[in-house]
Amino acid sequence: MLTEVGGSTVAGWLHRPETGDPPGDLGLTHGASGNADAPLLVALAEQFATCGWWVLRYNLPYRQRRPGGPPSPATAPADREGVAAAAEWLRLESGQSVALGGHSYGGRQTSMLAAEQPDAAAALLLLSYPLHPPGKPEKLRVEHLGQLTQPVLFVHGEKDPFGTLEEMEAALATIPGRRRLMSMEAAGHSLVEKRESTGKKQATAARIAQEFVA
């Protein structure tokens with residue numbers, strides 16, 4: 001799908017159950033080096049859809065402009081506008097409450113938007129939040145976390161170089177609203193690997209979806 005909302009282009013794929021009223025909508029976006037076809041996002045979208053949710057997995061504006069390469073700090077505000085546009089499109093389409101999530105960079109921009117605009121999301125699913133650059137624990141990315149009021153589920157791998165579980169626990173303590181850290185055993189930053197079987201990817205996605213819904 002490709003559509004314009006509030007001056008921003010929403011480009012992605014909608015997973016919609018065939019029947020029933022959805023319990024909610026979920027927008028999912030990707031990390032800095034990926035796109036909306038990342039195995040983790042696909043597995044999660046399929047899993048949530050089996051639970052009745054509408055799920056939009058979408059490309060951020062920087063990825064719409066070019067197929068590869070990292071985002072630029074200068075265009076991060078435009079990426080947050082893209083998150084807001086995706087959320088608005090979901091609201092207009094289904095009339096349900098909207099949860100937002102993303103992997104790494106996508107999750108960070110999603111959480112920053114939620115801090116700036118609390119009404120943008122009813123809940124957040126932050127996958128492998130990039131707490132700091134690898135090897136640079138002094139450069140924390142936590143300034144906005146204290147402004148989050150939505151329920152938040154952080155999903156983090158035990159071997160993630162962007163932050164240890166202990167560092168994540170300390171960061172979560174600054175969030176005033178409901179928050180939970182779900183640790184993934186032996187997982188790195190990607191949470192799932194391309195070489196993993198479809199069944200294993202689905203099992204990981206099912207664990208995350210069940211924890212988020214709960």
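In which sense do strand β3 and β4 pair, and over how many bridges?

## Strand β4 and its neighbours

Strand β3 (residues 25-29) pairs with β4 in the parallel sense over 5 bridges; two strands count as paired if DSSP finds at least two bridges between them. Helices (H or I, at least four residues) and strands (E, at least two) are DSSP runs, numbered from the N terminus. Within this pairing, Gly27 has Leu56 of β4 as its bridge partner.

## Basis of the model

The model is predicted: local features need pLDDT of at least 70 and side-chain atom pairs count only at pLDDT 80 or more, whereas totals for chains, interfaces and linings use all residues. Residues are numbered from 1 along each chain as its sequence is written, and side-chain values use heavy atoms, with hydrogens and water left out.

## Burial of β4

Strand β4 (residues 54-59) is largely enclosed by the rest of the structure, because 6 of its 6 residues are buried (under 20% relative accessible area, 1.4 Å probe, protein chains only). Both faces are covered: Trp54, Leu56 and Tyr58 are buried on one side, and Val55, Arg57 and Asn59 on the other.

## The largest pocket

The largest pocket has a volume of about 570 Å³. A pocket is an open set of points on a 1 Å grid over the protein atoms alone, where a 1.4 Å probe fits, with protein on both sides within 12 Å along at least five of seven lines; lining residues have an atom within 4 Å of a point. Its volume is the space filled by probe spheres set on the points.

Of the 29 lining residues, Gly31, Ala32, Ser33, Gly34 and His103 are the closest to the centre of the largest pocket. The elements giving two or more residues to this lining are α1 (39-50) and α4 (105-116). By class, the lining has 13 nonpolar, 11 polar and 5 charged residues.

## The second largest pocket

The second largest pocket holds about 360 Å³ of space. Among its 20 lining residues, Ala123, Pro151, Arg178, Phe212 and Ala214 lie nearest the centre. Helix α6 gives the most to this lining, with 3 residues.

Note on methods
Nonpolar A, V, L, I, M, F, W, Y, C, P; charged D, E, K, R; others polar. Buried < 20%, exposed > 50% of the residue type's maximum accessible area, 1.4 Å probe, protein only.
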